[in-house]
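Hello,

Here is the structure we talked about passing on. Please look it over first; my notes follow below.

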Amino acid sequence: QVQLEESGGGLVQAGGSLRLSCAASGRTFNNYIMAWFRQAPGKEREIVAAMRWIGGITSYSDSVKGRFTISRDNTKNAVYLQMDSLKPEDTAVYYCAADLLGTKSYRYWGQGTQVTVSS
């Protein structure tokens with residue numbers, strides 16, 4: 001059973017940085033795609049970054065491109081989201097998600113971690 005656990009959220013001032021971590025367990029993730037989503041109050045959940053575990057190919061939403069970086073540590077089975085130049089509109093609950101390459105939706109989710117950016 002795949003388990004994902006996020007950490008690293010918190011309160012930060014605009015312009016600051018945070019790094020979110022996602023500890024993944026239960027499988028070998030070589031054939032998986034890992035992603036970070038976020039959901040702000042009153043808004044739909046949106047994907048912000050994704051990465052193929054093998055090869056490290058990444059993609060980003062336009063709203064975070066150039067400010068956020070997704071990465072992984074194979075030895076720790078962990079995925080990270082480095083968030084720089086944070087803006088108040090980045091305030092949301094951030095979720096780690098995973099599924100097999102080629103799957104059209106993400107079946108595995110963490111519980112989420114709150115990120116609040118003050119102006």
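**What I found**

Buried residues account for 43% of the 119 residues in the protein. Keep in mind that this is a predicted model.

Overall fold. The protein has eleven strands and zero helices. Read from the N terminus, the order is therefore simple to write: β-β-β-β-β-β-β-β-β-β-β.

Size. How does the radius of gyration sit against that of a compact globule? For 119 residues, such a globule would come out near 14 Å. The protein has 13 Å, so the two agree. Along the principal axes, the C-alpha atoms fill a box of roughly 40 × 25 × 25 Å.

Contacts. I took contacts between residues at least 6 apart in sequence. Of these, 53% join residues at least 24 apart.

Surface and charge. The protein carries 13 positive and 10 negative charges. Their mean positions lie 5 Å apart.

Strand pairing. Start with strand E3, residues 18-25. Which strands pair with E3? One is strand E1, residues 3-7. E1 and E3 run antiparallel, with five bridges between them. In this pairing, Ser7 has Ser21 of E3 as its bridge partner. Another is strand E8, residues 78-83. E3 and E8 are also antiparallel, and they share six bridges. Here Cys22 is bridged to Val79 in E8.

A closer look at Met83. This residue belongs to strand E8. Is Met83 buried or exposed? Its relative accessible area is 0%, and the cut-off for buried is under 20%, so Met83 is buried.

What is Met83 in contact with, once neighbours within four places in sequence are left aside? The list is Gly16, Ser17, Leu18, Leu20, Arg67, Phe68, Tyr94 and Val115. Two of these names, Leu18 and Leu20, fall within the residue range of E3, the strand that pairs with E8.

One distance to go with that. Gly66 and Met83 are 17 residues apart in sequence. From C-alpha to C-alpha, Gly66 and Met83 are 9.6 Å apart in space.

If you open the model, I would begin with E3 and its two pairings, to E1 and to E8. Then go to Met83 in E8 and go through its contacts, including Phe68, Tyr94 and Val115.

Best wishes

Note on methods. Residues numbered from 1 in each chain as written. Predicted model: local features only at pLDDT ≥ 70, side-chain atom pairs only at ≥ 80, totals over all residues. Heavy atoms only, no water. Helix = DSSP H or I, 4+ residues; strand = E, 2+ residues; numbered from the N terminus. Rg over C-alpha atoms; globule rule 2.2 N^0.38 Å. Buried < 20%, exposed > 50% of the residue type's maximum accessible area, 1.4 Å probe, protein only. Contact = heavy atoms within 4.5 Å. Lys, Arg positive; Asp, Glu negative; His and termini not counted. Charge placed at Lys NZ, Arg CZ, Asp CG, Glu CD. Pairing = 2+ DSSP bridges.
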